[in-house]
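Hi everyone, thanks for coming along.

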Amino acid sequence: MASSSQTNRRSWLPWKKKDSRMNNAEATFWLSQFIGKNLRVHASDGRIFGGQMKCTDKDRNIILALAHEYRAPSAEVIRKAVEESGNPSAPVPWNSRYVGFVVVPGQHITRIEFEESTLPSQKSSVTL
């Protein structure tokens, strides 16, 4: 049964797969189909950037607009939340800040996610 807000999250980095390497031109062409879409871009240092993709280049750098940066909480913050709640699965919010435009270097991208609507009337969106 279909709900009124069906979305599918897709995650990929085809140029990092061992069995299907893309050259820079192929990767740039492939990435360009997501211009204007809302993405989550995971960086090698653990940060996640969520925003609207504006462009890419031959080095697979990605520029996001209206972007937010998300960082995992520190081990100390997690420990304190667990101690205070007594629950080892205590929810701990991620740190976030609005960064506006951001360039994520292609060499530091570990994962890219987007959510696409399965209903034609819905706009693509990312929920972070």
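Going along the sequence, the protein reads β-α-β-β-β-α-β-β. That comes to two helices and six strands, where helices (H or I, at least four residues) and strands (E, at least two) are DSSP runs numbered from the N terminus.

A quick word on the source: this is a predicted model, where local features need pLDDT of at least 70, side-chain atom pairs count only at pLDDT 80 or more, and totals for chains, interfaces and linings use all residues. Residues are numbered from 1 along each chain as its sequence is written, and side-chain values use heavy atoms, with hydrogens and water left out.

Of the 128 residues, 33% are buried, meaning under 20% relative accessible area with a 1.4 Å probe, protein chains only.

Now to strand E2, residues 38–43: five of its six residues are buried, so the rest of the structure largely encloses E2. E2 runs antiparallel to strand E3, residues 48–56, and five bridges join them; strands pair if DSSP finds at least two bridges between them. One example is Arg 40, whose bridge partner in E3 is Gly 50.

Finally, Glu 113 sits in strand E6, residues 109–117. Is Glu 113 buried or exposed? Glu 113 counts as buried, because its relative accessibility is 4%. What does its side chain make a polar contact with? The partner is the side chain of Arg 111, at 2.9 Å; a polar contact is a pair of N or O atoms within 3.5 Å, and within protein one must be able to donate a hydrogen and the other to accept it, with residues adjacent in sequence counting only if both atoms are side-chain atoms.

Key
Buried means under 20% relative accessible area, exposed over 50%, partly exposed in between (1.4 Å probe, protein chains only).
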